[in-house]
Amino acid sequence: MTDLPTQNHPAADGTISEPRLAASVILLRDAPGGLEAFVQHRVSTMDFAAGMVVFPGGRVDAADESGWDYPADLLQRHAAAWCSSSIGADANSGTGTSSTQAETNAGTVLTAAIREVQEESGLSISAADLRPWANWITPTDMPKRFDTYFYLAKPSPGAEPQHQTTEAWQSLWMPVAGILEAEAAGTLKLMPPTYYLLKEIAGFETVDAVWSAEHAVVPVLAPVGSLAAFLKERESRH
């Protein structure tokens, strides 16, 4: 998926903040010009990813741990998809308790993903229309870190997410290719996960093609200094 290393590198001062669980949803739709993604242009005053173009999402809350009742087979599929990630690390240990915990973790993060889409875009999306797609962990040298679970989503035909979050100054559908072109031209900014995930998705022609693709989730923990280097390299181009 990306040429970024996945191994852990401790911060220079030896202190590493614990990453918080988060969920993010890549809403896709087919359009005459190719795939489009629903994205948010974050306001410049945010303390994380300020001024960046991002997918809807946010941190997992305590309330996400209960109140849901997903089909057992769905939870099993999601737990299996996240088996290499922190929330599913015990899924293949062979013990019933660990498998159950992995499924509970999968349900919790899934609930956060559905809630965040509802809160930030007013769109109600079914759990069956969300597919585990990627897991990115903020580099260990950053003071605010997230262990983020990205889902691919195919909303129902005609579904129209809205702009209704104060964390962004606009939210809209944009061509995937157009987002990448604007990033290359310096007219918008992307965080590394958003950039690499869009580059990956740009290789598909339709939502169904992405949805049906063979795709294993490989957690990505970028090395110390990689975020600053990524942003500096882009600033130097303009």
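Residues are numbered from 1 along each chain as its sequence is written. In this predicted model local features need pLDDT of at least 70, side-chain atom pairs count only at pLDDT 80 or more, and totals for chains, interfaces and linings use all residues; side-chain values use heavy atoms, without hydrogens or water.

Rings of Phe, Tyr and Trp (its six-membered ring) pair if their centres lie within 6.5 Å; planes under 30 degrees apart count as stacked, over 60 as edge-to-face and the rest as tilted. The count comes to 9 aromatic pairs. In one of them, the ring centres of W82 and Y149 lie 4.8 Å apart with planes at 90°, so the pair is edge-to-face. This pair links distant parts of the chain, 67 residues apart. W82 sits in the loop between helix 1 (72-81) and helix 2 (96-121), and Y149 in strand 6 (residues 146-153). Helices (H or I, at least four residues) and strands (E, at least two) are DSSP runs, numbered from the N terminus. Both W82 and Y149 are buried (under 20% relative accessible area, 1.4 Å probe, protein chains only). Elsewhere, W136, Y195, Y196 and F230 form one aromatic cluster.

A pocket is an open set of points on a 1 Å grid over the protein atoms alone, where a 1.4 Å probe fits, with protein on both sides within 12 Å along at least five of seven lines; lining residues have an atom within 4 Å of a point. The second largest pocket is lined by 13 residues. R77, H78, L130, R131 and P132 lie nearest its centre. Helix 1 and strand 5 (130-137) each give two or more residues to this lining. Helix 1 gives the most, with 4 residues.

Definitions and conventions. Buried < 20%, exposed > 50% of the residue type's maximum accessible area, 1.4 Å probe, protein only.
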